[in-house]
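I opened my notebook to look up a few places in this structure. Here is what I wrote down, entry by entry.

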Amino acid sequence: MSEALTDLRVQAPAPGALADRPETTPATGRTAAAAEVTGAVAEPPGRRLGRRRPVGRTTRRLSPGRGVPFGRLLGPALLIAVWWTASAAGYLDPRILSGPGTVIATAGDLVTNGRLQGNLLISLQRAGLGLLFGVLAGVSAAVIAGLSRTGEYLVDGPLQIKRAIPSLAMLPLLILWLGIGEQMKVTVIALGVAVNMYINTYASLTSIDNRHVELAEVLGLSRWRFLRKVVLPGSLPGFFVGLRLGVTSAWLGLIVVEQINATSGIGYMMFQAQQYAQSDVIIVGLVAYGIFGFSSDALVRAIERRALSWRRTLAG
């Protein structure tokens with residue numbers, strides 16, 4: 001009410017101005033002064049242009065809010081707490097799912113005899129090589145297809161076909177070609193990574209605004225400067241999305257190849273534990289996969305935030 005009165009005082013004409021107006025309007029018979037005052041009161045306050053927001057009224061926040069350091073650990077910590085509570089209360093059968101205390105003790109024994117470290121190093125080597133070769137192959141194919149129409153015609157079709165074929169379906173053929181050694185395992189991992197890298201990097205390249213390309217042509221940029229100033233910044237968001245998916249794909253491929261004709265690695269250790277119904281050893285392997293997957297994704301996120309610090313997104 002006080003706001004309406006304030007607006008009325010601001011917009012109401014001076015007494016002298018009201019005296020100079022005609023007594024009545026032809027259409028309504030009301031005085032001009034009365035009509036002006038009535039209009040000032042009846043007009044919705046929100047429609048008046050230039051009105052300032054009242055002091056003290058806050059704006060509703062639509063963003064997710066400010067991030068908390070190590071906030072992503074809250075979900076895993078809650079999951080472990082529920083697991084620990086259910087195990088302590090006796091709701092879990094130790095023969096089917098061992099409790100956290102048993103798993104920790106088993107992990108300590110595996111570290112003591114060196115079995116866990118040896119298998120971890122072999123698994124990391126396989127995943128690292130597959131990720132490296134997959135990233136190089138996927139990005140190279142995306143650049144060829146994204147910057148050349150001929151390259152697009154030659155490269156995009158086969159890779160889209162490969163995307164529709166699961167990596168497991170290619171295992172028999174790869175074993176026939178490459179045998180059951182390390183070369184086959186790294187190739188399976190690299191194929192999964194390369195497809196993810198290609199799809200996302202290629203989509204990011206082809207979505208660069210054509211006005212940026214025309215501006216580069218008008219400025220007379222060389223091919224190298226065009227790649228460095230336009231193509232590289234424009235493709236980085238898609239590259240990092242593909243890298244995150246590629247890291248996940250590398251761990252998924254590693255689990256598959258280490259349980260097929262393998263003699264070492266975390267997957268082989270889990271497969272051997274399955275033969276003897278050692279659920280605690282299997283969970284140790286799953287936890288190792290989960291820790292490495294979570295850590296590698298967090299590392300890629302940190303690099304992405306640093307490389308794309310110029311962006312302002314909901315993620316912060």
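**Entry 1: G151.** I found G151 in helix α7, residues 149-164. Helices here are DSSP runs of H or I with at least four residues, strands are runs of E with at least two, and both are numbered from the N terminus. G151 counts as buried because its relative accessibility is 6%; buried means under 20% relative accessible area, exposed over 50% and partly exposed in between, with a 1.4 Å probe and protein chains only. I then looked up its contacts (heavy atoms within 4.5 Å). Beyond the neighbours within four places in sequence, G151 touches I144, A145 and D156.

**A note on the model.** I kept in mind that this is a predicted model, where local features need pLDDT of at least 70, side-chain atom pairs count only at pLDDT 80 or more, and totals for chains, interfaces and linings use all residues. Residues are numbered from 1 along each chain as its sequence is written, and side-chain values use heavy atoms, with hydrogens and water left out.

**Entry 2: R126.** Next I turned to R126, which sits in helix α6, residues 115-147. Is R126 buried or exposed? R126 counts as buried, because its relative accessibility is 1%. Leaving out neighbours within four places in sequence, I listed its contacts as E182, K185, V186, I189, L254, E258, S264 and G265.

**Entry 3: α8 and α9.** I looked at how helix α8 (residues 167-178) meets helix α9 (residues 182-206): their axes come within 10 Å and cross at roughly 145 degrees. Axes are lines fitted to C-alpha atoms, for helices over the stretch in contact, and angles run from 0 to 180 degrees between N-to-C directions. On the α8 side, the contact is made by S167, M170, L171, L174, I175 and L178. On the α9 side I noted Q183, M184, T187, V188, L191 and G192. By class, this contact has eight nonpolar, four polar and no charged residues. Ala, Val, Leu, Ile, Met, Phe, Trp, Tyr, Cys and Pro count as nonpolar, Asp, Glu, Lys and Arg as charged, and the others, Gly among them, as polar.
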